[in-house]
2 protein chains.
Amino acid sequence: MTGTAQCPGGSRQLGRPRDPKLDAAILDATLRVLADGGYTALTMEAVAALAGVGKATIYRRFPGKEQLVVEAVASLGEPPEPVRGAGVRDELVALLEAIRRKSDSSLAGKIFPRLLSAGADNPELMRRYREQVLDPRRARFVAVLQRGVDERLLRADLDLGYAVDLLVGPMAYRNLIRNDPRPGPELAARIVDDILLALAPRPAHHLLEQS
Amino acid sequence: MTGTAQCPGGSRQLGRPRDPKLDAAILDATLRVLADGGYTALTMEAVAALAGVGKATIYRRFPGKEQLVVEAVASLGEPPEPVRGAGVRDELVALLEAIRRKSDSSLAGKIFPRLLSAGADNPELMRRYREQVLDPRRARFVAVLQRGVDERLLRADLDLGYAVDLLVGPMAYRNLIRNDPRPGPELAARIVDDILLALAPRPAHHLLEQS
DNA sequence: GCATATCAATACGTTTGCGTCTCGGATCGT
DNA sequence: ACGATCCGAGACGCAAACGTATTGATATGC
């Protein structure tokens with residue numbers, strides 16, 4: 001899965017096998033180097049040194065720097081992050097607050113802004129990151145929001161994807177772009193309460209007479 | 001302003017003066033190269049070639065690549081962008097829609113995601129960009145929102161900065177991060193209508209019994 | 001007219017980093 | 001035991017790009 005299968009057919013598993021732990025060590029080192037320094041500051045020498053392996057060991061598994069980063073980003077996957085809040089509102093707050101906390105503490109949070117520019121030149125990189133990291137987290141929001149619709153807390157015809165944008169957008173904006181000063185832990189509840197109010201199941205009378 | 005004044009006192013304006021048009025040509029070429037390729041793909045040779053000047057002409061004005069990019073980004077400034085919409089709601093829609101359109105057409109829009117990662121390593125760069133480009137646009141939102149408060153369309157105790165985040169956040173999020181597929185021109189009105197609904201001056205009964 | 005500073009073009013030294021290769025040693029199957 | 005493959009360490013060739021220096025031409029002040 002990670003590297004290239006090198007058995008051409010006849011001679012299978014000849015000689016010393018690859019150490020599986022090194023795959024994880026290389027990918028982890030790649031993420032750490034990527035977190036501080038970004039894609040261009042990431043050098044194969046730095047990854048090799050941090051992982052405690054030789055460069056040849058990396059090139060034996062990955063064709064080059066680009067594929068290494070792509071695989072490393074994809075390996076981020078989805079953390080468990082079990083939100084067992086009681087109600088829809090509190091679960092949304094917990095999910096949003098997780099974004100705020102993770103954005104400057106976790107590896108994924110530090111890597112995120114780097115990928116925004118690297119992804120512009122490397123669509124494959126951005127796609128993998130979106131599928132492996134962003135989409136699973138997004139699905140969590142959608143699931144909770146769906147419960148909100150079922151409980152008549154949200155409009156029945158609500159576009160759930162759009163609702164996620166309304167919630168995550170301001171939080172991501174504050175953390176990525178307008179991150180001075182950094183938002184406090186009260187921001188999540190503030191956003192959720194306001195957005196829930198906007199998406200509450202009330203007659204949309206303001207749409208009938210749009211100015 | 002742009003380069004370094006080189007007259008130490010005695011000999012003033014001796015020899016051929018610098019061509020002022022070249023300053024603008026260099027900065028403009030820097031922005032164009034920065035727009036496609038990003039900070040690291042930006043080479044002095046490329047800037048010189050695109051501006052039609054020699055490298056020495058650039059180094060005569062800017063100490064190095066870093067300062068060149070900082071000055072170029074700061075030179076973006078604020079476009080006029082006169083929004084003369086009739087009401088508060090329509091002006092907000094126009095401002096938000098401008099963000100969406102600019103994010104993939106204008107120079108500033110293309111440069112923005114590049115700066116997010118470059119700014120992580122270069123705080124000065126991000127600070128100048130924020131002051132010169134982001135803050136002026138933000139002030140426009142605040143001005144319109146203040147009118148909304150005056151017209152009793154928004155809560156009297158509204159945090160205007162937070163309100164801007166609620167509006168700009170989802171739009172920026174859709175354009176920068178979740179830009180597949182790209183949002184359509186109807187998104188701006190959708191966001192504004194929903195956020196205005198959330199921030200309308202109604203008794204905040206849901207805050208009294210939080211949980 | 002002459003010194004001085006600018007101009008475009010370009011050669012130059014230096015640094016950096018990718019990807020390959022070599023080396024001695026370690027670890028597997030047979 | 002033996003060959004094959006992996007391992008860490010690092011030398012190597014190569015290319016890219018920064019910043020400087022040079023060259024011949026051009027423009028300005030005195």
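Predicted model: local features only at pLDDT ≥ 70, side-chain atom pairs only at ≥ 80, totals over all residues.
User: Zooming out, how many helices and strands does chain A have?

Analyst: There are 11 helices and zero strands in chain A. Read from the N terminus, the order is simply α-α-α-α-α-α-α-α-α-α-α. Of its 211 residues, 34% count as buried. As for contacts with a separation of 6 or more in chain A, 65% come from residues 24 or more positions apart.

User: Now helix packing. How should I describe two packed helices?

Analyst: In general, you give the angle between the two axes and the distance between them. Here, take α8(B) and α9(B): their axes come within 9 Å and cross at roughly 110 degrees. Angles of 65 to 115 degrees count as roughly perpendicular, which is why α8(B) is called roughly perpendicular to α9(B).

User: What is the handedness of the crossing of α8(B) and α9(B)?

Analyst: That crossing is right-handed.

User: Which residues in α8(B) and α9(B) meet?

Analyst: From α8(B) you get R138(B), F141(B), V142(B), L145(B) and Q146(B), and they meet L160(B), A163(B), V164(B), L167(B) and V168(B) of α9(B). By class, the residues of this contact split into eight nonpolar, one polar and one charged.

User: On to the two chains. How many residues does the contact take from chain A and from chain B?

Analyst: A general point to begin with: interface size is often given as the accessible area lost when the parts come together. Here we count residues: the contact takes 28 from chain A and 30 from chain B. On the side of chain A that touches chain B, the elements giving two or more residues are α2 (38-41), α7 (107-121), α9 (160-176) and α10 (187-198) of chain A. The largest share of that side, nine residues, comes from α9(A). Sorted by class, that side of chain A has 15 nonpolar, six polar and seven charged residues.

User: Where are the cis peptide bonds in chain A and chain B?

Analyst: In chain A, a cis peptide bond joins D180(A) and P181(A), with omega about 5 degrees. P181(A) sits in the loop between α9 and α10 of chain A. In chain B, a cis peptide bond joins D180(B) and P181(B), again with omega about 5 degrees, and P181(B) lies in the loop between α9 and α10 of chain B.

User: And is R152(A) buried or exposed?

Analyst: R152(A), not a glycine, has a positive phi near 60 degrees and is found in the loop between α8 (123-150) and α9 of chain A. R152(A) is exposed, with 10 other C-beta atoms within 10 Å. In chain B, R152(B) also has a positive phi, about 60 degrees; R152(B) lies in the loop between α8 and α9 of chain B.

Definitions and conventions
Residues numbered from 1 in each chain as written. Chains lettered and ligands numbered in written order. Helix = DSSP H or I, 4+ residues; strand = E, 2+ residues; numbered from the N terminus. Buried ≥ 20, exposed ≤ 12 C-beta atoms within 10 Å, placed from the backbone. Contact = placed C-beta atoms within 7 Å. Nonpolar A, V, L, I, M, F, W, Y, C, P; charged D, E, K, R; others polar. Axes fitted to C-alpha atoms, helices over the stretch in contact; angles between N-to-C directions. Parallel < 35°, antiparallel > 145°, perpendicular 65-115°, else oblique. Left-handed = near helix turned anticlockwise from the far one by under 90°.
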